[in-house]
Amino acid sequence: MTILSQLNSPVMYLICGGIIAFVALVCVFFMVRAWRAGVAIGMDKTKMKRAVVSSATFTVLPSVGILLGVIALAGSLGTPWPWLRLSVIGALHYETQVAEAAAEAAGLSGLNATEMTARAFTSIALLMGLCIMWGMILSIFFNKRYLKKLQTPKAGGPSSGGGFGDVAMTAMFIGLVSAYIGSYLGKFVSGEGLFTFAGPWLPLAVAAVAAAVMAVFVWLAEKKNAAWVESFSIAGSMIVAMAAAVVLNLL
Amino acid sequence: MNELDKKSLFEAYNERTHLFGRIACAITLVMLIGAPFVMGAYLGAMPDLAAVGRGFLACGIVWMVSCVAEYLVYTPMLGAGGGYLAFITGNLINMKIPCAMNARDMVDAKTGTPENEIISTLSIATSSLVTIVVLACGVVALIPLQPVLQSPVLQPAFDNVVPALFGAMAYKYYRGNMKIAVLPLLTMALLFVLVPSLTGSTSFMVLPSGAIAIGVAFLLHKKGSAK
């Protein structure tokens, strides 16, 4: 029995699938509680429904991207473990990097099936878990106090539910988006040498197409009173931009 | 139901959210760290703890710092329920944060309000479930799907999921907040152009970029002109 067939065995699927099933149940539990609490405090059900629909449509395409991460790692780690890691706790940009570093630490020349052993696999799996568990640990010990502190209005300051909190959250998100857009620009302009403009231009073009399509959706929602398009605007923009990537790449 | 009843009801809900969130995180943590040992028992090869220790010193410390920064920055955006779920299910920057922000803006929920907490939890839970379902379907159909998903023609589409996401989000957030966006965008663009090696650390660069944006927003807020 080869190492990959061992890593893809039903027992491995059972172990990983069991953990994923538990996390799915946790999500359902939290979702039902939140819905009931929302109804109990008099929130508009239509608003809650919109949040659920938009989140679902929003997630489909990035999830397909994450599925590619599973496929990429499945060649060396088998399918069940990457499936677990990318369904629970993991992050697409993180898993491949850490798996590669963990493989080197386990004595392999890199992440590949030919050198993989059962011992190397379990070591890599453990290291992948240890590296990224800190968000959960911090949540267990500090979430309650941290959020309480943030939500306590300062004397003389704006009360919760308005004020600078909202602006700060929006600003932080703008910072996040700016870092990524800036990185696409940097890769294009200096990716192949300072100011050579020979780096990859596709990410920048895709971002521009997505922004343009988003502008159309916003125009439809605001000027044509088609508010329903809002729920699908991000997913729609992404589909068109990703299709544009295929076309632009052929040019 | 009067406002006082609503408040006490929501506080009780929040208290239990922390309790259930902690329990869920602890159980998931035990399962994730325990899984390699369970698999090791099945495969007849336990993890090499010395190699794991070396690996952790080599790359784990960096990720630990990154996790701490992510926790500090994103927890206020996610709230209690959303926070626990997001840290359990992962994919924060490329999915959960934009998803929760989008849902929050769509229903115009304000930070720190019960409405924001409920919407954030619904959003993250939905997003996590959709990912779990898509990946489960994908794994079941892995053999027939593999040639399609890995076809060279479609590769540029899947390589550019994140630029597509951030392009759409950029328009949505920049259009009403250009005064806040200009400085971080220019600073980041300049930094990445002048020091291209930084593109390998984009997730770390979110911190200074966010700090600049918050600084600008604070100044504008003080002047009363922030949107």
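Predicted model: local features only at pLDDT ≥ 70, side-chain atom pairs only at ≥ 80, totals over all residues.
I'll start where the chains meet.

Next, a helix pair inside chain B. Helix α8 of chain B covers residues 178–194, and helix α9 of chain B covers residues 202–223. Their axes come within 8 Å and cross at roughly 150 degrees. Angles over 145 degrees count as roughly antiparallel, so α8(B) is roughly antiparallel to α9(B). The crossing of α8(B) past α9(B) is right-handed.

Which residues in α8(B) meet α9(B)? They are B:K179, B:I180, B:L183, B:P184, B:T187 and B:M188. Facing them from α9(B) are B:M205, B:S209, B:I212, B:A213, B:V216, B:A217 and B:L220. The residues of this contact between α8(B) and α9(B) come out as 10 nonpolar, 2 polar and 1 charged.

Last, chain A. The domain assignment puts domain 1 of chain A at 3–138 and domain 2 of chain A at 163–250. Their C-alpha centres lie 26 Å apart. The contact between these domains takes 7 residues from domain 1 of chain A and 6 residues from domain 2 of chain A. On the domain 1 side, the residues divide into 4 nonpolar, 2 polar and 1 charged.

I'll stop there and take questions.

Key. Residues numbered from 1 in each chain as written. Chains lettered and ligands numbered in written order. Axes fitted to C-alpha atoms, helices over the stretch in contact; angles between N-to-C directions. Helix = DSSP H or I, 4+ residues; strand = E, 2+ residues; numbered from the N terminus. Parallel < 35°, antiparallel > 145°, perpendicular 65-115°, else oblique. Left-handed = near helix turned anticlockwise from the far one by under 90°. Contact = placed C-beta atoms within 7 Å. Nonpolar A, V, L, I, M, F, W, Y, C, P; charged D, E, K, R; others polar. Domains from an automatic or database assignment.
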